[in-house]
2 protein chains.
Amino acid sequence: MPRPAAPPDLARLAVNTIKFLTIDAVEAARSGHPGMPMGAADMAFVLWSRFLRFDPQAPDWPDRDRFVLSAGHGSMLLYSLLHLSGYGLTTEDLSRFRQWQSRTPGHPERGITPGVETTTGPLGQGFATGVGMALAARMAEARFNRPGDEIFGHRVFAIASDGDVQEGISHEAASLAGHLKLGNLVILYDDNRITIEGKTALAFSDDTARRFQAYGWHVQAVDGHDHGQVAGAIEAAIAEADRPSMIIARTHIAHGSPGKQDSEKAHGEPLGPDEVRATRAALGWPAEPRFHVPDDVRRFWSGLADTLRRERLDWEARYGAWRGRHPDLAALWDRTAARELPDDLEGRLLAAVADDGKPAATRAHSGRVIQAAAEALPFLAGGSADLDPSTKTKIASAPSVGPGAFAGRTFHFGIREHAMGAALNGLSIHGTVLPYGSTFLVFADYMRPSIRLAALMEIPAVFVFTHDSLFVGEDGPTHQPVEQVASLRLIPNLVVLRPADGPETAMAWSVALRRRHGPTALILSRQNLPPIPRTDPESVRGTVRGGYVAIPSKGKPAAVVLIGTGSELHLAAAAREALGRAGHDAAVVSMPSIELFAEQPAEYRESVIPRSARVAAIEAGRPDLWHRWIGRDGLAIGMERFGASAPAPDLAERFGFTAEAVTSRVLGWLGSGAR
Amino acid sequence: MPRPAAPPDLARLAVNTIKFLTIDAVEAARSGHPGMPMGAADMAFVLWSRFLRFDPQAPDWPDRDRFVLSAGHGSMLLYSLLHLSGYGLTTEDLSRFRQWQSRTPGHPERGITPGVETTTGPLGQGFATGVGMALAARMAEARFNRPGDEIFGHRVFAIASDGDVQEGISHEAASLAGHLKLGNLVILYDDNRITIEGKTALAFSDDTARRFQAYGWHVQAVDGHDHGQVAGAIEAAIAEADRPSMIIARTHIAHGSPGKQDSEKAHGEPLGPDEVRATRAALGWPAEPRFHVPDDVRRFWSGLADTLRRERLDWEARYGAWRGRHPDLAALWDRTAARELPDDLEGRLLAAVADDGKPAATRAHSGRVIQAAAEALPFLAGGSADLDPSTKTKIASAPSVGPGAFAGRTFHFGIREHAMGAALNGLSIHGTVLPYGSTFLVFADYMRPSIRLAALMEIPAVFVFTHDSLFVGEDGPTHQPVEQVASLRLIPNLVVLRPADGPETAMAWSVALRRRHGPTALILSRQNLPPIPRTDPESVRGTVRGGYVAIPSKGKPAAVVLIGTGSELHLAAAAREALGRAGHDAAVVSMPSIELFAEQPAEYRESVIPRSARVAAIEAGRPDLWHRWIGRDGLAIGMERFGASAPAPDLAERFGFTAEAVTSRVLGWLGSGAR
């Protein structure tokens with residue numbers, strides 16, 4: 001049942017309040033996007049005042065509806081609603097729109113503003129993240145609802161723009177949502193027919209309704225400024241249980257601006273003083289004060305706040321009773337909320353790869369670790385972009401997640417890396433599961449914008465990338481990563497680990513599972529790798545520090561340090577042997593994570609890579625990042641070109657990744673005496 | 001008019017030949033994808049034998065139809081057809097499938113195998129590159145055809161897989177192709193309902209026909225093994241002038257394999273000896289010899305070769321006459337084919353930014369350079385992913401390219417960066433225009449897979465990326481590149497240039513326009529930058545060497561070198577002044593392109609960055625790549641974290657990108673004496 005509609009005059013006043021809060025903020029900042037909030041104010045007001053279930057007093061209420069402003073450039077629409085509905089966003093905050101350390105940044109940023117569920121702005125990301133949230137909501141229902149005792153029943157509402165539906169990620173995400181029958185997802189498409197270059201028709205002729213019907217969506221078209229039509233469509237969308245809903249709302253950008261309505265000029269720049277004056281006159285809005293909120297509008301929202309609080313308190317009561325009736329579910333709930341890990345997590349994961357001395361691919365080790373992790377962490381769930389037979393990421397003990405089947409723990413994302421990335425973000429933000437997703441490393445490029453957002457939002461998600469070098473072999477250069485490991489290491493707040501064998505793979509997973517304030521990328525081999533002959537098996541726990549001495553030099557400090565990662569660490573170990581025979585005393589340093597190593601105290605770093613040492617690094621990828629550790633005169637053995645199609649052993653010969661080739665290059669470099 | 005159909009028995013024999021050439025090659029390599037070629041052999045045989053216009057004797061015939069195997073993993077389908085049709089791909093070549101330096105790599109690679117138009121494998125890329133080729137074909141018609149004298153009339157045919165239609169790039173590209181009414185594009189969708197994880201239905205429920213109808217495509221559905229149905233559909237697709245065609249061909253993966261037809265096991269691994277035996281028995285194929293081609297099949301293809309040659313020679317005759325009747329067009333043709341550049345290209349481009357001493361954004365300089373370049377290069381054409389008012393990439397003197405309007409030179413790609421990237425590749429490969437495309441640098445992440453393919457294919461295309469640092473300002477961290485410049489520099493064979501002022505922007509464009517064997521990325525500022533006070537204005541020509549001394553030290557060699565790029569070079573210049581007052585004699589080195597500088601002879605590099613010098617680098621992005629040039633003890637002033645939403649000048653203060661902050665950090669570093 002929707003909440004009652006505000007009387008027409010009050011509704012109009014409330015909508016105009018949103019428009020002028022936006023106008024005043026954009027003018028104050030002399031920067032921003034006034035057109036979208038003005039065009040979408042009507043539908044947003046209807047949604048928030050009559051349908052959206054939330055309580056500003058409890059922004060983290062688990063059963064709240066999620067609102068996603070996929071069209072993030074319209075941030076002032078969201079900030080206006082947060083201000084009016086009582087999230088504590090003040091007029092002062094609005095007046096500091098887009099200023100240093102304000103709570104009102106240019107695009108909505110999760111963690112900075114209460115009520116902002118996810119960071120948006122890069123087009124299509126909010127749309128696809130919303131799909132992940134809706135999937136998480138269904139998984140929460142499957143885990144915690146019991147017949148007659150449904151504790152979860154929230155929805156995801158998103159407002160999307162032309163850009164959101166034009167970006168390819170919207171295809172992947174909409175196709176996935178339709179397949180999974182996410183009837184709890186409602187997208188309001190702000191169809192204003194204007195983009196930055198002009199009319200949308202300049203580059204766009206889709207029949208959007210037909211397109212979303214093809215994905216199995218429930219589609220409606222309305223006048224986005226007609227409150228009755230919008231409300232009716234949202235009611236019908238909510239009534240639709242098995243299909244995601246697309247509401248195509250025809251709107252006018254900068255609605256109400258006499259000179260700039262329906263003009264691209266209203267998209268990304270302030271209306272300007274003259275047009276603001278004209279708009280005030282046209283809509284009968286006072287010139288002063290700025291950020292004016294009429295008393296009737298204030299009263300309306302505070303009345304709504306009471307209703308919303310009552311709805312939430314009713315839920316709290318039901319929740320309490322539910323806890324009493326289902327102690328087992330309550331316990332799972334608490335473990336999930338606390339991200340509870342077993343004390344001996346590392347021990348369990350290490351046991352899963354207990355070394356039989358046989359060579360194995362780190363993707364295979366990872367597959368075993370995942371089973372142990374899934375047993376230890378009931379809230380772990382993950383999947384693959386149609387590659388789990390290769391990436392080994394399936395949780396064997398649990399069923400798959402599919403249409404109408406949300407109790408499972410293995411996702412089938414389809415051949416949709418980008419939607420997978422954003423869906424993982426939505427799942428992580430929702431918190432019902434700790435998600436991971438997998439594909440081949442070279443295809444990390446297909447999902448990079450979503451990985452970046454996970455890092456920016458500081459949310460935990462695990463990206464599993466296998467087939468991590470030219471040693472993919474016969475598939476050739478299109479499938480052989482060369483630059484991907486290095487380019488992932490450049491993303492701030494993304495921890496990248498490239499383990500060398502079973503124990504390091506277990507430790508890398510423990511780093512990923514313990515991480516709470518950012519995503520982790522695990523870089524795994526397709527090919528078998530020999531176990532690393534660590535002098536002290538326990539040294540592998542140094543993985544958590546990013547780098548550690550796997551095989552020490554005889555003397556201290558080491559005269560020569562050979563750094564290796566992943567599939568090249570055993571080459572460094574072999575080269576050390578040969579160097580020893582040639583009279584060079586070298587240490588082998590394993591550095592699965594440059595980022596974690598860089599965070600260590602200087603003394604620790606010095607103990608691993610002494611300043612006095614000559615340092616070489618060996619990794620089958622772009623070597624550029626190693627010079628920070630080896631210096632101008634260090635030796636970086638890597639790949640600066642694309643690979644080639646051939647069996648992996650042939651490639652190792654041709655590109656110099658054999659023990660012999662590495663040894664002779666290192667000896668030549670040491671002999672050259674270059675410093 | 002299609003060519004006559006082969007008699008049914010011969011057709012069956014010809015199709016089985018393709019299947020067993022595939023099987024034998026995959027078994028020989030013990031690696032590969034047999035299922036797709038076996039499933040698509042029927043439709044491919046119908047297309048190549050009856051419709052595709054090509055001549056193996058003249059693989060570069062300008063009016064040939066283009067065939068794109070978007071499902072690149074089915075490479076043996078294409079290699080079999082190239083072998084049979086007479087491209088000179090031998091049995092020996094087939095027997096070396098997926099081996100070192102064979103002409104039959106795991107996925108089709110442009111430049112390695114005659115008849116391979118574009119490199120495919122990363123899913124969706126071939127599909128979208130084909131859209132670019134079809135657009136190029138329309139542009140060629142508009143440029144060179146005259147009423148009654150149509151010299152161009154070729155089409156693009158592509159075979160796409162489930163993955164191709166699931167990837168988001170297919171949405172962007174199909175939407176663009178439908179909008180542009182590319183009736184010369186025909187996609188055969190190999191609808192085999194099998195993906196790597198199992199049945200497509202596991203993750204996919206689209207109504208693909210409806211989806212492509214929504215894009216304005218002409219859609220047909222056929223039995224992909226019924227030659228009559230396939231031929232009829234291709235005929236109808238060819239007859240359709242204004243809509244791209246999607247032919248949904250229901251096929252069976254590994255068609256004809258008793259044990260593995262319709263199984264995901266046939267996708268990515270050899271059938272295995274037993275199943276091969278069973279398949280030979282089932283299809284009545286001899287056990288020996290391997291790579292067997294029945295005489296009737298050989299005769300069929302050689303007869304076809306004669307027909308194809310005659311078709312091409314008829315065209316050559318018409319072409320000769322056309323040249324005689326249209327000397328102006330012939331001249332343009334020759335200039336385009338030769339990529340002819342004016343002798344004084346640099347002079348012209350430099351003149352376009354003739355320094356008025358006023359600060360300006362490099363994107364604005366670039367906008368002026370583009371106008372001059374467009375005048376000098378009639379074959380230059382480019383556009384933007386809905387951002388040209390911001391990226392300044394519109395060619396003012398020419399109309400836009402749009403539906404039915406292909407004589408123009410400005411593209412409107414829509415909010416579709418990924419499709420833009422692949423379309424640029426298709427345009428570049430076709431050769432009718434030298435293409436460029438633009439968006440904001442942070443969104444380079446959305447098109448990275450296509451940029452990588454351009455680099456791998458060694459084709460010229462110019463990617464223009466503006467708004468290149470945190471100085472984007474108020475839009476905040478979602479729109480502020482931090483890692484993008486460095487991560488682009490990691491892509492092999494991509495030249496990245498980040499110019500500092502007008503003259504460097506002109507020189508950067510000249511590098512891009514002269515490049516023939518790889519793509520170029522231009523990194524441009526949103527904000528105004530002051531002109532650089534070069535001691536010798538001519539020194540800017542050193543841009544072509546990647547780095548050069550913009551302001552020399554007083555003594556030689558320089559004791560201190562300050563490297564800067566783009567918007568930070570003027571900070572290096574200012575810091576040098578302050579250092580001078582503090583008694584430090586420093587040189588300022590501008591390094592717009594690390595890749596080009598790395599290619600210079602050691603002596604030149606030494607003359608720019610003396611080994612004896614202490615070196616600092618200043619760039620508002622990830623500093624990691626600078627250590628190759630500054631060493632372990634060098635000072636790298638950059639951004640290791642995400643930015644923030646605030647006016648650019650505030651960000652400069654907060655993040656230390658002011659002359660004062662840079663100077664004091666450099667002085668502190670020099671004072672520390674750390675080596």
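Author: The radius of gyration is taken over C-alpha atoms, and the rule for a globule is 2.2 Å times the number of residues to the power 0.38. The model is predicted, so that local features need pLDDT of at least 70 and side-chain atom pairs count only at pLDDT 80 or more, whereas totals for chains, interfaces and linings use all residues. Residues are numbered from 1 along each chain as its sequence is written, chains are lettered from A and ligands numbered from 1 in the order in which they are written, and side-chain values use heavy atoms, with hydrogens and water left out.

The chain comes before its interface. Chain A has a radius of gyration of 28 Å, which agrees with the value near 26 Å that a compact globule of 675 residues would have, and its C-alpha trace spans about 90 × 60 × 45 Å along the principal axes. Its secondary structure comes to 25 helices and 18 strands (DSSP runs numbered from the N terminus, helices being H or I of at least four residues and strands E of at least two). Of the 675 residues in chain A, 68% are buried (under 20% relative accessible area, with exposed being over 50% and partly exposed in between, for a 1.4 Å probe and protein chains only). Among the contacts in chain A with a separation of 6 or more, 77% join residues 24 or more positions apart (a contact being heavy atoms within 4.5 Å).

Now the interface itself. On the side of chain A, 107 residues are in contact with 108 residues of chain B, and the two chains bury about 9000 Å² between them, of which 54% is on carbon and sulfur atoms (buried area being the accessible area, for a 1.4 Å probe, that two parts lose on being put together, summed over both). Trp100(A), Arg452(A) and Arg632(A) supply 11% of the area that chain A buries against chain B, more than any other three residues. Between chain A and chain B there are 60 residue pairs in polar contact, both residues being at pLDDT 80 or more (a pair of N or O atoms within 3.5 Å, of which, within protein, one must be able to donate a hydrogen and the other to accept it, while residues adjacent in sequence count only if both atoms are side-chain atoms). By class, the side of chain A that touches chain B has 44 nonpolar, 31 polar and 32 charged residues (Ala, Val, Leu, Ile, Met, Phe, Trp, Tyr, Cys and Pro count as nonpolar, Asp, Glu, Lys and Arg as charged, and the others, Gly among them, as polar). The rule finds eight salt bridges across this interface (a side-chain nitrogen of Lys or Arg within 4 Å of a carboxyl oxygen of Asp or Glu). Asp633(A) forms a salt bridge with Arg611(B), with the closest N and O atoms 2.9 Å apart.

Asn192(A), in the loop between β3 (185–191) and β4 (194–195), counts as buried because its relative accessibility is 7%; the side chain of Asn192(A) reaches the backbone nitrogen of Ile194(A) at 3.0 Å. Beyond its neighbours within four places in sequence, Asn192(A) is in contact with Asp162(A), Arg250(A), Thr251(A), His252(A) and Ile253(A).

Ala6(A), in the segment before α1, is likewise buried, at 14% relative accessibility. Although Ala6(A) and Phe300(A) are 294 residues apart along the chain, their C-alpha atoms are separated by 8.1 Å, and Ala6(A) touches Ala11(A), Phe45(A) and Phe300(A) when residues up to four places away are not counted. Thr543(A), placed in the loop between β13 (520–523) and β14, is buried at 0% relative accessibility; with residues up to four places away left out, Thr543(A) touches several others, including Leu497(A), Glu504(A), Tyr548(A) and Pro592(A).

Cis peptide bonds run from Glu288(A) to Pro289(A), with omega near -10 degrees, and between Lys556(A) and Pro557(A), with omega about -10 degrees. Pro289(A) lies in the loop between α10 (273–283) and α11 (295–325), while Pro557(A) lies in the loop between β14 (548–551) and β15 (560–564). Arg30(A), which is not a glycine, has a positive phi of about 55 degrees; its place is in the loop between α1 (8–29) and α2 (35–51), where Arg30(A) is exposed, with a relative accessible area of 69%.
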